[in-house]
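Subject: Structure handover

Hello,

Here is the structure you were to receive, followed by notes on what turned up in it.

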Amino acid sequence: MSKPLLNQKFHKKYMLEALKEARKAYKKDEVPVGAVLVKNGTIIARGHNQPISKLDPTAHAEILALRKASKTLKNYRLYGITLYVTLEPCPMCAGALVHARIKEIVYGCPDVKSGACGSVTNIASNKKLNHRIKITSGILEKECRSLIQKFFKLKRTDGG
């Protein structure tokens, strides 16, 4: 009975770390998405959105974290690793996560326009693909959604 509560506490701990990364993106005027990769209770990589500053359309939080983790572990297969990300991964990121063999994706808020873990499509758990990822959603959803909404509200009012 207490296992789900323990999982929630565990998930919240790492989602707070992903939110720290998202705030870094926010400060750089990037869409505030943050990610951390966790193995056996240890953060092995972090990332935040940087496509504008890096002039790279693939520089999403998840992709940058995957790159760091692969270098750290000296393997592009990231077995047994959980991704914590503030926003539901897009199709590009979900595809990369499948190829990396991530065990679980834990995300904060859904992306109703391009989410690829259940909102628009579901690449991460597609039975036709060679690997499926467990998906957990809604962890610190309010906080994750609030940061993204604040960012886009400022963009609309500032004309940015």
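Glutamate 104 and lysine 134 form a salt bridge, with 3.9 Å between the closest N and O atoms; the term stands for a side-chain nitrogen of Lys or Arg within 4 Å of a carboxyl oxygen of Asp or Glu. Since glutamate 104 belongs to strand S4 and lysine 134 to strand S5 (residues 134-137), the pair ties together parts that are 30 residues apart in sequence. Helices (H or I, at least four residues) and strands (E, at least two) are DSSP runs, numbered from the N terminus. Glutamate 104 is buried at 8% relative accessible area, whereas lysine 134 is exposed at 51%. Here buried means under 20% relative accessible area, exposed over 50%, and partly exposed in between (1.4 Å probe, protein chains only).

Before the rest, two notes on the basis. This is a predicted model, in which local features need pLDDT of at least 70 and side-chain atom pairs count only at pLDDT 80 or more, while totals for chains, interfaces and linings use all residues. Residues are numbered from 1 along each chain as its sequence is written, and side-chain values use heavy atoms, with hydrogens and water left out.

Other salt bridges

The count comes to 8 salt bridges. One of them joins glutamate 17 to arginine 46 at 2.7 Å, N to O. Glutamate 17 is in helix H1 and arginine 46 in strand S2, so this pair ties together parts that are 29 residues apart in sequence. Glutamate 17 also has a salt bridge to lysine 20, with the closest N and O atoms 3.1 Å apart. Those two residues both lie in H1, 3 residues apart, about one turn of the helix. Glutamate 17 is buried at 16% relative accessibility, while lysine 20 is partly exposed at 44% and arginine 46 is partly exposed at 28%. Through shared partners, salt bridges link Glu17, Lys20, Glu21, Lys24 and Arg46 into one network.

Nonpolar core

The largest nonpolar core has 43 residues. Such a core is a set of buried Ala, Val, Leu, Ile, Met, Phe, Trp, Tyr and Cys residues joined through side-chain atoms within 4.5 Å. Met15, Leu37, Leu66, Leu83, Tyr84, Ile102 and Ile105 have the most contacts inside this core. At least two core residues come from each of H1 (3-27), S1 (34-39), S2 (42-48), H2 (61-73), S3 (82-87), H3 (91-100), S4 (104-109) and H4 (141-158). H1 gives the largest share, 6 residues.

Leucine 66 is in contact (heavy atoms within 4.5 Å) with Leu37, Leu78, Ala96, Leu97, Ala100 and Ile102, leaving aside neighbours within four places in sequence.

Just after H3, arginine 101 has a positive phi of about 65°.

Which residues does histidine 131 contact? Apart from its neighbours within four places in sequence, histidine 131 is in contact with Val98, Arg101, Ile102 and Ala124. Histidine 131 sits in the loop between S4 and S5 and is buried at 17% relative accessibility. A polar atom of the histidine 131 side chain lies 2.9 Å from the backbone oxygen of isoleucine 102.

Cysteines

A search of the whole structure finds 0 disulfides, a disulfide being a pair of cysteine sulfur atoms within 2.5 Å. The sulfur of cysteine 90 has its closest cysteine sulfur in cysteine 93, 3.7 Å away, too far for a bond. For cysteine 109 the closest is in cysteine 144 at 5.6 Å, also too far for a bond. Cysteine 90 is buried at 12% relative accessibility, and cysteine 109 is buried at 3%.

Aromatic pairs

There are 4 aromatic pairs. Rings of Phe, Tyr and Trp (its six-membered ring) pair if their centres lie within 6.5 Å; planes under 30 degrees apart count as stacked, over 60 as edge-to-face and the rest as tilted. Phenylalanine 10 and tyrosine 14 are edge-to-face, at 4.9 Å centre to centre and 70° between the planes. Phenylalanine 10 is partly exposed at 37%, and tyrosine 14 is buried at 3%. Tyrosine 26 and phenylalanine 151 are also edge-to-face, at 6.0 Å and 65°. Tyrosine 26 lies in H1 and phenylalanine 151 in H4, so this pair ties together parts that are 125 residues apart in sequence. Phe10, Tyr14 and Tyr84 form one aromatic cluster.

Regards

Methods:
Polar contact = N/O pair within 3.5 Å; in protein donor to acceptor, adjacent residues only side chain to side chain.
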